[in-house]
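Reader: I'm new to reading protein models. Could you walk me through this one with a few questions and answers?

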Amino acid sequence: MIKKIKFVIIILFFSFIFFVFFKGLDKPNSYLPKKNITEIDTSLVFKNLYDQKEIVLGELISKNSFSIVNIWASWCLPCRDEHEYLLKLKNLNKINVIGINYKDKKSNATKFLSDLGNPYHEVLIDLDGTKSIEFGAIGVPETYLINNKIIVKKYIGPLDQSKLKDIIEIIKNEKK
Amino acid sequence: MLNQIGNYSLYIALFSSFFLLFHSSYSIRNKSKSLDSKIFSALSVQTLMVLISFFSLIYAFVVSDFSNVTVYNNSHTTKPLFYKISGSWGNHEGSLLLWLLVLTIFLFIFFISTKNLSNKYRIITVLFQELIIIGFLLFILFTSNPFLDLFPIPKEGTGLNPILQDPALAIHPPILYIGYVGTSIIFSSSLAALVCGMVNKIWAQHIKKWIITSWIFLTIGILLGSIWAYYELGWGGFWFWDPVENVSLMPWFCLTALLHTIIVLEKRNIYQSWTIILSIATFSLSMGGTFLVRSGILNSIHTFANDPSRGIFILCFLFLLVLLAIFIFFIFQKKLFKNLVKPLLVSKETAIIVNNWFMMFFLSVVLIGTVYPIFLEVISGSKISIGPPFYQKLMIPFLVPFLLFMAIGPKLKWIKDNLSKINLNQIISFILSIVISYLIVKLFGISYLFIVPLFAVGFFLLFSTIKDFFSKNSSLSQKISHFAFSLFILSILFNGIFAKEFSSNMKVGDERKFINKVIKFENLKIIEKDNYKSLMASFKISDEKRSINLNPEVRVYNQPRTLTSEAAINSTIYSDNFLVFNVIKDDGYYNVRYQYKPLMMWIWFSIILLSVGGILSYLKKND
């Protein structure tokens with residue numbers, strides 16, 4: 001009798017493990033962000049790429065004006081393509097560009113920026129990719145146009161001429 | 001053409017598997033006394049076919065046959081021949097083929113080396129092993145076929161990740177796999193022994209060889225992986241508690257426990273159920289590791305192919321095997337010879353059980369640390385990340401009693417012993433160890449007192465294992481392995497505590513002071529190689545006594561375009577000098593990281609010695 005109970009318990013235990021693993025596989029996108037994130041969490045704390053100092057996101061997001069948050073990585077090829085548009089954005093001077101370095105090696109990231117130029121006013125690191133999820137990011141590159149905590153628009157994939165135009169339009173319209 | 005050869009030989013191997021499955025269950029049912037030569041021929045055919053298919057894949061890599069998808073994705077014509085060959089198992093599909101190859105070769109060796117054992121036992125082992133082989137064959141053929149055609153045939157391949165172009169990493173997977181796959185033989189044969197009711201001394205004696213073989217390969221495989229991580233990843237560490245590393249460590253703990261328990265079974269004929277459970281667990285952990293690594297369920301720095309359909313296949317297969325094992329265990333448990341002799345408290349048997357408890361504890365820590373994030377996420381949806389502090393905080397305190405038992409345990413006798421044997425020598429060496437560790441802590445001004453007992457038991461184990469070399473009561477291989485383990489623990493402790501790190505931005509000609517050393521950045525040159533360009537720096541590190549030159553590199557590989565930094569390491573028996581540099585900005589400054597790591601060589605050396613202990617056990621006749 002005791003043997004039977006043991007047997008049943010063991011089988012149940014393994015079935016439970018099976019179930020959990022199965023579920024875990026069932027959503028291979030287990031790091032899927034919530035859809036419809038409209039507001040960013042300003043209490044998030046990031047480390048700076050260069051000096052590892054901790055920064056609260058809220059301090060970087062400019063009040064009452066636009067900020068751009070760009071999620072990138074040195075290993076991401078489309079990020080190279082969009083780079084020139086980010087540099088253009090920085091040259092607008094009116095807008096605060098924040099880069100989030102996603103699952104990257106520090107050496108590669110710094111090399112990337114020194115080679116292609118640094119379009120960011122501040123580079124933050126997200127080593128394991130969990131913080132980008134708070135933005136609702138599903139991959140790299142992704143760019144967020146933010147106005148005072150509110151995500152105005154989200155661009156999935158590399159920026160290009162038309163997206164850049166779109167960003168500039170939105171900012172202009174708001175100013176009016 | 002190669003693709004067809006590879007593919008068809010796999011199908012023939014699958015066919016032989018089914019033949020073996022039916023034929024062996026048929027001969028068990030008919031209780032045929034004479035062993036059918038058909039089983040031997042089918043096994044030979046199967047091994048040959050898998051060999052052919054494996055070599056056709058290697059050949060496809062060697063001649064850069066880009067009509068093969070796997071070759072196209074992982075090779076390139078400019079790659080050196082050595083890495084073309086190792087590239088054939090450096091990817092998901094090829095590595096599974098390698099796994100299958102080792103499975104079949106092992107079964108073949110098992111079959112021809114067990115002629116003196118009962119036929120029923122041999123056939124049932126073949127039966128279980130064929131179940132595993134069929135699983136892998138189906139998995140390869142239907143979810144990860146390495147012989148898929150590509151048309152039109154591209155002119156050039158996409159290349160092997162340069163970080164994998166490394167001699168240690170080229171042989172790391174085969175060695176590790178031999179260790180993993182060896183556990184499958186242990187699994188099948190322990191189930192067979194259970195069914196035949198022969199979980200006894202004779203079986204223990206015979207399976208011990210397989211356990212030691214797997215253990216040696218697993219140990220060396222893990223070692224090669226760490227050595228690679230040490231000089232290639234450029235972090236200066238050798239173990240990161242990364243899930244993929246943990247996955248190889250878990251079967252190791254289990255196998256180490258089994259290695260000790262099987263000796264008790266061999267000498268005293270007790271702990272039968274526990275031996276079987278450990279055998280099942282070891283293999284399940286090896287397979288579970290494959291699942292965790294290959295399915296992409298883990299979020300790890302090792303990025304392997306992420307394909308849920310593969311994951312579901314391995315998961316179902318794994319759990320079918322586990323359920324089968326549980327059923328067989330419960331049905332045939334009655335057959336286990338009930339040994340009512342309870343081991344006495346002070347005896348070698350008990351000491352080995354204590355070893356097993358510790359192994360199980362370490363195993364649980366690693367297991368929980370690795371899979372708990374998955375469970376938590378599935379059940380509650382929240383994400384956590386478990387890092388080195390978790391493992392260190394949970395494991396280090398328990399090392400103290402563990403090492404203490406390790407020092408005392410081997411000295412105990414079988415069946416019964418008494419503690420009055422603790423003699424003056426031991427007490428003196430114990431006090432001596434405490435004094436030494438206290439002095440070390442005092443002299444070097446280490447702030448955490450907890451290091452004292454850790455050092456003390458480390459030294460105590462070292463002294464008592466050294467003393468054991470002069471006594472006769474245990475085998476040479478055990479003495480060497482335990483001695484090596486004490487060396488290992490001590491070198492890790494010294495290494496961890498006395499390591500020094502320096503990091504700064506420097507340009508050519510700069511000099512920096514660091515403790516009693518001067519680091520000078522002498523020059524920088526560019527070197528062109530076949531498949532990469534290299535930026536080679538020259539650093540001089542000098543103290544009062546001597547100076548060394550270090551030449552770290554930053555390499556730009558052409559295919560695929562990747563940047564790697566090669567650390568420069570100067571190793572002596574006392575310490576390693578580790579230097580790595582990175583390009584930061586265009587203004588001529590480079591980020592330089594220098595690490596002084598004492599006794600690094602001893603960590604590698606002690607692990608090699610640990611395996612040598614295992615190898616030596618083949619040499620001695622059963623005593």
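Reader: Let's start with chain B. What is the radius of gyration of chain B?

Author: Keep in mind that this is a predicted model. Chain B holds 17 helices and ten strands. For its 623 residues the globule rule gives 25 Å, and the computed value is close to that, so chain B is as compact as a globular protein of that length. The radius of gyration is 27 Å.

Reader: What share of the residues in chain B is buried?

Author: A residue counts as buried if 20 or more other C-beta atoms lie within 10 Å of its own. The C-alpha atoms of chain B fill a box of roughly 85 × 80 × 50 Å along the principal axes. Of the 623 residues in chain B, the buried share is 45%.

Reader: Among contacts in chain B between residues at least 6 apart in sequence, what share joins residues at least 24 apart?

Author: Two residues are in contact if their C-beta atoms lie within 7 Å. Take the chain B contacts between residues at least 6 apart in sequence: the share that joins residues at least 24 apart is 73%.

Reader: Which strands are at the edges of the open sheet in chain B?

Author: Four strands make up this open sheet, in the order 1-10-9-8, and they pair antiparallel. From one strand to the next, the twist averages 10°. An edge strand pairs on one side only, and that picks out strand 1 (500-506) and strand 8 (568-571) of chain B.

Reader: Now chain A. How far apart are the C-alpha centres of domain 1 and domain 2 of chain A?

Author: Chain A is divided into domain 1, covering 1-30, and domain 2, covering 33-175. The distance between the C-alpha centres of these two domains of chain A is 42 Å.

Reader: Which residue takes a positive phi in the hairpin of strand 1 and strand 2 of chain A?

Author: Strand 1 (residues 45-48) and strand 2 (residues 54-56) of chain A pair antiparallel over three bridges, and A:Val45 has A:Val56 as its bridge partner. Five residues sit between the strands of this hairpin. The residue with a positive phi, near 60°, is A:Gln52.

Reader: What is the bridge partner of A:Lys47 in strand 5 of chain A?

Author: Strand 1 of chain A is joined by two bridges to strand 5 (residues 122-126) of chain A, and these run antiparallel. In strand 5 of chain A, the partner of A:Lys47 is A:Ile125.

Reader: What do the buried residues of helix 4 of chain A pack against?

Author: Helix 4 (residues 106-116) of chain A has buried residues including A:Phe112 and A:Leu113. Just after this helix, A:Gly117 takes a positive phi of about 95°. The buried residues of helix 4 of chain A pack against strand 4 (96-102) of chain A together with strand 7 and strand 9 of chain B.

Reader: Which element gives the largest share of the side of chain B that touches chain A?

Author: The contact takes 27 residues from chain B and 21 residues from chain A. By class, the chain B side has 15 nonpolar, eight polar and four charged residues. The largest share of that side, nine residues, comes from helix 11 of chain B.

Methods. Residues numbered from 1 in each chain as written. Chains lettered and ligands numbered in written order. Predicted model: local features only at pLDDT ≥ 70, side-chain atom pairs only at ≥ 80, totals over all residues. Nonpolar A, V, L, I, M, F, W, Y, C, P; charged D, E, K, R; others polar. Domains from an automatic or database assignment. Pairing = 2+ DSSP bridges. Axes fitted to C-alpha atoms, helices over the stretch in contact; angles between N-to-C directions. Rg over C-alpha atoms; globule rule 2.2 N^0.38 Å. Buried ≥ 20, exposed ≤ 12 C-beta atoms within 10 Å, placed from the backbone.
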